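Here are a few friendly notes to read alongside the model.

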Number of protein chains: 4
Amino acid sequence: MKDYSLTQVECEWTQQLNRWVETFRPYSTEGKCATYIPALAEANPEHLGICVASEGGQALKAGEWNVPFTMQSISKAISFMAACSIHGIEQVMERVDVEPTGDAFNSIVRLEAHKPGKPFNPMINAGAITVTSLLPGKNAIEKLEPVIDLLEDILDYRPPLNESVFKSEWETAYLNRSLAYYLKQNGVLASPVEEALEAYSRQCSIQITAEDLAKIGLVLANDGLHPYKGTQVVPRKITKITKALMLTCGTYNASGRLAAFVGVPTKSGVAGGILSAIPPRGRNNGPFSHGCGIGIYGPAIDEVGNSVSGILLLKEMVEQWDLNIF
Amino acid sequence: MKDYSLTQVECEWTQQLNRWVETFRPYSTEGKCATYIPALAEANPEHLGICVASEGGQALKAGEWNVPFTMQSISKAISFMAACSIHGIEQVMERVDVEPTGDAFNSIVRLEAHKPGKPFNPMINAGAITVTSLLPGKNAIEKLEPVIDLLEDILDYRPPLNESVFKSEWETAYLNRSLAYYLKQNGVLASPVEEALEAYSRQCSIQITAEDLAKIGLVLANDGLHPYKGTQVVPRKITKITKALMLTCGTYNASGRLAAFVGVPTKSGVAGGILSAIPPRGRNNGPFSHGCGIGIYGPAIDEVGNSVSGILLLKEMVEQWDLNIF
Amino acid sequence: MKDYSLTQVECEWTQQLNRWVETFRPYSTEGKCATYIPALAEANPEHLGICVASEGGQALKAGEWNVPFTMQSISKAISFMAACSIHGIEQVMERVDVEPTGDAFNSIVRLEAHKPGKPFNPMINAGAITVTSLLPGKNAIEKLEPVIDLLEDILDYRPPLNESVFKSEWETAYLNRSLAYYLKQNGVLASPVEEALEAYSRQCSIQITAEDLAKIGLVLANDGLHPYKGTQVVPRKITKITKALMLTCGTYNASGRLAAFVGVPTKSGVAGGILSAIPPRGRNNGPFSHGCGIGIYGPAIDEVGNSVSGILLLKEMVEQWDLNIF
Amino acid sequence: MKDYSLTQVECEWTQQLNRWVETFRPYSTEGKCATYIPALAEANPEHLGICVASEGGQALKAGEWNVPFTMQSISKAISFMAACSIHGIEQVMERVDVEPTGDAFNSIVRLEAHKPGKPFNPMINAGAITVTSLLPGKNAIEKLEPVIDLLEDILDYRPPLNESVFKSEWETAYLNRSLAYYLKQNGVLASPVEEALEAYSRQCSIQITAEDLAKIGLVLANDGLHPYKGTQVVPRKITKITKALMLTCGTYNASGRLAAFVGVPTKSGVAGGILSAIPPRGRNNGPFSHGCGIGIYGPAIDEVGNSVSGILLLKEMVEQWDLNIF
């Protein structure tokens, strides 16, 4: 991000962000930190932070925008882009479809009910594990490299792994293990089961901040062209597909509601992260009409898996600033 | 539509549309006209027509843009907007959700598997019949009025009912009848079963053209503001939700693929109609950057229920003219 | 039944039955009379009656053995035998399978999930409606005749229809109507939908007593040979299949538990009736080692649909008198 | 088995068995040896053997009655009896139900669709793995002991493990692994996942013959009382439940058809084994009216998983000798 002072209007927008953060922070009590991965339960449920990054200006920030947390499901969007960049979209599509399901993120039913058992989309666990199995590398550590590499291309630093979250996740990953062995049985996995599973658990444990998510969102909004570096870090067509998947399946089985009532491509994670990409819109001259990336962090999640106060903050901002893509 | 000559660039775009029509017309042999409603089987499978309507200019047309056909599932978007306009979104949402499912349009499984048996979205048959049951009126004929009224507001004429298609559909509507009685059992229907069913079958049999669809699409693209009349024919928020539903669930269980690989809010019908709404985009100065409505007609449909040549035409046009909303 | 006095041992057994009736009668408070058919809710939940009929002797009776009630699902066993007798087993099997499902009696999921949508067995509603559609007759009244005829062959009188239960059932049969139209769509029904449905609702409303059920059970136990008349009222092979179906699917989704923990072919109905057929056993010289038929009535049913006190009574009797067929 | 010459009638019955074996042996071409466990594919598909063991006499044998093969799913009946004998029926029932499902043996759908995810019965893989997890022992080898011990009690020798089948099965057990991790997630497994899985794979690889199966069937027919030793090797009530489970769910998703058209408690395995238990019947003086155990081996299985020629042989014998329990 450029390092100059905020313009006056940017100051006003930042003040607005600060007001919203304090307005929605108390709603965290309606959710709670994820407990199925023990290490996630240690987060502070009252945290709420946001960063909005746009091409032409300063990144606006409010609340706990710089508290680190793990990507969890948000990493699915990254590994999908990495796999498509490496293998091409067609080859990835041979193993995973792009249909939303309305099912929970960890559902296994469709793998049996719909032959040939290809996962319905890369934003549910079964699909994401399949995508990760496609990443090059002789072991889980090597498979993680393309994901970190892509993040470095966007963020200009290599985000670290949170080892304690990884270990916690790895030891309790019964359901993912069940999904992965089912996929192996169906001939869908492209690598040994445990290797794909470990690589997937590792990518979920990559640690970033809301500011990092905003930068990722901006690159997506910008069709893969890095707004500061001027390089195409992800092919344009792949970013279109990724944004469509974020909109149709990015927020678990609340995806339809988010598309209808918020209307921006969004991927969430159970650690409380939210990544949104707002393409340029031709309708108004309001804030960020040239597009922006949004990163939000609020670790208290609802029963579906989305940050309670984070989603409320996103919805209010999209409505007030007319960011809905429809 | 304004009645003046095409500008030179509009002539070029029309010539392009004509070329695409002839390019994709032969692909109709990969599909066939719907046979489960006998009267639909009489359409000419080689037909392919398109109309693109935009705010500032002439409607561009090519192929069989003026051949009449029945709305079928496209009417789901109209009745949803009518019901929401009358009752408010919250009341409609009490009876139908907005989640995509990945299931076939006529699937009944989720009504049993997911308590309390509320249809997942208004773009599948179960949801659409529920929405229609909410329309005011003491019988099926009266229930149809709000749908025709809304169409008249947009089109400036009252589109007729194709009686032979209606009769054909009504006599063979075993599956819709099964869905409707299941909904009644679950307490979801707001009217007597046969009344909701007949009204739904009637709305499916409303006869329009590709040009009509383009006008509907334009009003949607324009957030419900009629571009020529200057009146708000549908509340803005309702059009946002409708476009989101078209994108996430508008083309049966190919909705995810269409979102990913075409990327425009689209509702299709088994008679071969396609309705797309392209909001203004801020990214380019190419054709229709201020938004447009698209109507397509191609009665040979694929196994999922979408016009084969129509979808190919839409995809090519969206790619070449950069109409993808993401 | 022969009309002579009870032997001394028969007197003892009757006293035992009386004791069991009073022991288990209070358990009716753990269930309640079916409410989804309004007329059934008027039964006295404290009623509990039993009749045991055997070839060589007097029918033993206790409690409300002569209170009339409607057959409901028990009629499925009768219409199945009638249809198989008329058309042969193979022809019936073309439209309905004989696999237990573990699903609720009114489940529709499998009709969609398992192509070609043939009902899994004739003891669930979908299967029973299909079987009834096969019965000869130009309308619902005529279709009922073969069922009443078979009952008359066994009982020596024509049991009446309870018109108020029939009307009550007919007006609220949304779910059966949904199932039937689904079956029609799949090409499984052999008659018009409403005709099959009405005939099915009528057969459910046939009024009998526990004594009647005991006689039916005895004919089944005796492989279709009427023990008093000496005539074969149902072909032997058909009774074997019917008894197998009663054991594997006769008591809704408690069938497995009943098979495991009671172990006698049993068909229940939501009006509180229980029909059991005990074939001759080679293991003991206890009561009814030459086989018997059992009829029970206890209208307070559990959530699965079986008489609470009736099942407890049956279980105790089977254990004490060693009637388990395994 | 007693070691004296066959009586004349036993000679006739044996000749009959020989004729049936040769009649049905050619039908093996309609099936094929299981291939999903590579080592099973090495069996001779033309093999067909049978042994019938009864209390009072000689065991009758025909065909390849002494060719060894692995128990596979037949071991589910043994481990269920072992677990119930050790823990009591109630404790086992806390983790596994006894309802038939109509699903394939390796189905996972119900574990997700029916909360709390308890397996429907111990004769499908999910249920059997759960039962095995309950067996005492600190590792897979120790967990196998109670199964082998029970077999020794019945057979008077300790049947060996086929190591090559075990290894083959263990290396390709993706689906069982998926099921087991799913069960672990649901809190259903009573031991570490890999321990339960290995013990289950080992018990499937226990090697026996048709003669051994006949002896097991005879003990079951005899309610757990060993006919030669006079000891109760399994509690009576447990054998009743086991026979009921064999009838309702013992032959995969053909269980209903077998119950209806054969009518004897039967457990099959994909290696081609069939175990049937015929309780004493009170109806005739034909062969084995005092009950018997039947063991059959025919490795060419149908698509459901049952021996093609073996089932045909069983069906013919049951019909001709009136062994149907109904």
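1. Let's begin with the contact between the two parts. In this predicted model, domain 1 of chain A and domain 2 of chain A bury about 2,800 Å² between them, and 67% of that area is on carbon and sulfur atoms.

2. How many residues take part in the contact? On the domain 1 side of chain A there are 31, and they are in contact with 34 residues of domain 2 of chain A.

3. Now for the polar side of the story. Between domain 1 and domain 2 of chain A, 15 residue pairs are in polar contact, with both residues at pLDDT 80 or more. The count of salt bridges between these domains is one.

4. Which elements build the side of domain 1 that touches domain 2 in chain A? At least two residues each come from β4 (207-208), α10 (210-221), α11 (236-249), β5 (266-268) and β6 (273-278). The largest share, six residues, is supplied by α10(A).

5. Finally, look at the residue types on that side of domain 1 of chain A, the one touching domain 2: 18 are nonpolar, nine are polar and four are charged.

Note on methods
Residues are numbered from 1 along each chain as its sequence is written. Chains are lettered from A and ligands numbered from 1 in the order in which they are written. This is a predicted model: local features need pLDDT of at least 70, side-chain atom pairs count only at pLDDT 80 or more; totals for chains, interfaces and linings use all residues. Side-chain values use heavy atoms; hydrogens and water are left out. Contact means heavy atoms within 4.5 Å. Buried area is the accessible area (1.4 Å probe) that two parts lose on being put together, summed over both. A salt bridge is a side-chain nitrogen of Lys or Arg within 4 Å of a carboxyl oxygen of Asp or Glu. A polar contact is a pair of N or O atoms within 3.5 Å; within protein, one must be able to donate a hydrogen and the other to accept it, and residues adjacent in sequence count only if both atoms are side-chain atoms. Helices (H or I, at least four residues) and strands (E, at least two) are DSSP runs, numbered from the N terminus. Ala, Val, Leu, Ile, Met, Phe, Trp, Tyr, Cys and Pro count as nonpolar, Asp, Glu, Lys and Arg as charged, and the others, Gly among them, as polar.
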